[in-house]
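Work through the exercises below with the model open. Try each task before reading its solution.

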Amino acid sequence: MTTGSAQQHDIGLYLRVWALLFILSTLSYLVDYFHLQSYLRWALIIGLMLIKATLIVAVFMHMAWERLALICAILIPPLSLAVLMALMAIEAHYTFQARTFFFN
Amino acid sequence: MNAPDYASPDNVPIPAIGWRGLLADWGSDGQAFRVSWGKAMMWIFLLSDTFVFSCFLIGYMTVRMTTTMAWPEPSEVFSLTIGGVQLPLLLIAIMTFALISSSGTMAMAVNFAYRRARIPAAALMFTTAALGTAFVGMQAFEWSKLIAEGVRPWTNPMGAPQFGSAFFMITGFHGLHVSAGVVYLLTVAVRLLRGHYESRSNYQIVEIAGLYWHFVDLVWVFIFALFYLW
């Protein structure tokens, strides 16, 4: 792997990733088609989503061949969104309980 | 100014990989990102866009968790009836495949651009734009169908009223990105064919446009999973 701005890869790599994305999308569609429920459903949805996202960022967007300085600058800041998500989830639980208590 | 990519101004070699590379890039009073400014700025723009879409999706999570009414079943809301058979999420699945295909053609366009093969690169970019247009068209169809069924940002006949606002906001903002991307790709492809970029040593503009396009596909992966499948 060279770390240059002019990256040259076999076109077959893109075709393989493309095929893989097709298969993974079909699998996530089948999760809904077969009405899988509860934790199995959520685990499959999140797992397939993350694999697809990784493939797109790493190969299609060439992140796998960028320098670590750029990779860190782009991929670390979004982790703060996990904090926002956690805070909003806690808040949402509280709001839901309050609504259930006062409205119903 | 034909210095190699990874040499400092005084030609001291810089460690190429790993943590030593990171320290060399950030620890000296120099340029941190050893890519063209256009590519660095596109990445930073995409980072900011990540925050915009994440805030929408987290907002959607919050309203879905807090509502005391039943959330409309996306599997049924977005089903199509063809030949008397109800197929769940069929249109959404087709839209997903159209967008993934457009990402594939875009990746190949970038690959041809690296080799300075401008005719195939432009042709693949036109294909990408066509698939993107098809995606937006199907989304317009989906919006019309839901609006005809009485879905509004403040109410809908299926359940929790927050469904409409989350749906129109998230898919609308994404559709806007796809539409802007189609215009962007067409502009770059036409300029590529006209020889506008011949004076440069490479066609990196194609790669930068490609980053934007792949990001649009990336966002759809998250919307598909969290809004349509959840």
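This is a predicted model: local features need pLDDT of at least 70, side-chain atom pairs count only at pLDDT 80 or more; totals for chains, interfaces and linings use all residues.

Residues are numbered from 1 along each chain as its sequence is written, while chains are lettered from A and ligands numbered from 1 in the order in which they are written.

**Exercise 1.** Compare the span of helix α2 of chain A with the expected one.

Solution. Helices are DSSP runs of H or I with at least four residues, numbered from the N terminus. α2(A) covers residues 38–60, 23 residues. Expected span is 1.5 Å times one less than the number of residues. After the helix comes A:His62, with a positive phi near 65°.

**Exercise 2.** Find the buried residues of α2(A) and what they pack against.

Solution. Buried means 20 or more other C-beta atoms, placed from the backbone, within 10 Å of the residue's own. The buried residues include A:Ile45, A:Leu48, A:Lys52 and A:Leu55. They pack against α1 (11–33) of chain A, plus α4 (90–114) and α7 (204–229) of chain B.

**Exercise 3.** Describe the contact between chains A and B.

Solution. Residues are in contact if their C-beta atoms, placed from the backbone, lie within 7 Å. Chain B gives 48 residues and chain A gives 46. On chain B's side, α1 (18–27), α2 (37–66), α4 and α7 each supply at least two residues.

Definitions and conventions: A residue is buried if 20 or more other C-beta atoms lie within 10 Å of its own, exposed if 12 or fewer, and partly exposed in between; C-beta atoms are placed from the backbone. Two residues are in contact if their C-beta atoms, placed from the backbone, lie within 7 Å.
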